[in-house]
Amino acid sequence: MKVKEIKDILDANVLCGEDKLEEECLSGCGCDLMSDVLAFSKVKMALLTGLTNPHVVRTGEMLDVVVIIFVRGKVPSEEIVELAKERDIAILTTNFTLYEACGELYKHGLPGRVRV
């Protein structure tokens, strides 16, 4: 699923990474515990979270995160947006809850993990 499809499905705003809208995401992960995200490394992942701190971007950098989606209308600080730009990670915000956003993306075909 392309980032632009995620944006449309979640009626999300792009805070950075407009050039990443054509990038493919092969899986999604919804979590507020970054240690759990690290435990389930994925390929070309969309990360959905309600946390708005720099650790989210740093976790995304360690994994193959294409886009971070902040849920519940949360807007990260400019520091976090700048960090994501430096790390070449797109940032979206949506008013969906974490549960709803994950459900919508799963319903539209984004798996929770890539099956091999």
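Strands (E, at least two residues) and helices (H or I, at least four) are DSSP runs, numbered from the N terminus. Keep in mind that this is a predicted model, in which local features need pLDDT of at least 70 and side-chain atom pairs count only at pLDDT 80 or more, while totals for chains, interfaces and linings use all residues. Residues are numbered from 1 along each chain as its sequence is written, and side-chain values use heavy atoms, with hydrogens and water left out.

**Stop 1: strand S3**

Select residues 45-49, which form strand S3. Buried here means under 20% relative accessible area, exposed means over 50%, and partly exposed is in between (1.4 Å probe, protein chains only).

S2 and S3 run parallel and are joined by four bridges. Zoom in on Ala-46 in S3 and you will find Gly-28 opposite it.

**Stop 2: strand S4**

Leu-47, for its part, stands opposite Ile-68. How many residues of S4 are buried? Six of the six are, so S4 is largely enclosed by the rest of the structure.

Bring in helix H3, residues 54-62, and you have a right-handed β-α-β unit made of S3, H3 and S4. Right-handed means that, with the strands pointing away from the viewer, the path from the first strand over the helix to the second runs clockwise.

While H3 is on screen, pick Glu-61, which sits in this helix. Glu-61 counts as partly exposed because its relative accessibility is 43%. Leaving aside neighbours within four places in sequence, Glu-61 is in contact with Arg-87 and Ile-89, where contact means heavy atoms within 4.5 Å. Draw a distance from Glu-61 to Leu-83 as well: their C-alpha atoms are separated by 9.9 Å, and they are 22 residues apart along the chain.

**Stop 3: strand S5**

Carry on to S5, residues 90-93. S5 pairs with S4 in the parallel sense over four bridges. From S4 the chain crosses through H4 to S5, and this β-α-β crossover is right-handed too. Phe-70 stands opposite Thr-93 of S5.

Within S5, select Ile-91. Is Ile-91 buried or exposed? Its relative accessible area is 0%, so Ile-91 is buried. Not counting residues up to four places away in sequence, Ile-91 touches Asn-13, Val-14, Leu-15, Cys-16, Ile-68, Phe-70, Pro-76 and Ala-84. Of these, Ile-68 is 23 residues from Ile-91 in sequence and 5.0 Å from it in space, C-alpha to C-alpha.

Step along to Thr-94, in the loop between S5 and H5. Thr-94 counts as buried because its relative accessibility is 2%. Among the residues that Thr-94 touches, with those up to four places away in sequence not counted, are Leu-10, Ala-12, Phe-70 and Arg-72.

**Stop 4**

Most residues other than glycine have a negative phi. Arg-72 has a positive phi of about 60° although it is not a glycine. Look for Arg-72 in the loop between S4 and helix H4 (78-86); with a relative accessible area of 40%, it is partly exposed.

Then select Asp-11, whose phi is near 45°, also a positive value in a residue other than glycine. Asp-11 lies in the loop between helix H1 (3-9) and strand S1 (13-16), and is exposed, with a relative accessible area of 64%.

**Stop 5: the largest pocket**

The largest pocket has a volume of about 220 Å³. Of the 15 residues that line this pocket, Gly-28, Cys-29, Gly-30, Cys-102 and Gly-112 are the closest to its centre. On a 1 Å grid over the protein atoms alone, a pocket is an open set of points where a 1.4 Å probe fits, with protein on both sides within 12 Å along at least five of seven lines; lining residues have an atom within 4 Å of a point. Grid points are joined across faces, edges and corners, and the volume is the space filled by probe spheres set on the points.

Key:
Pairing = 2+ DSSP bridges.
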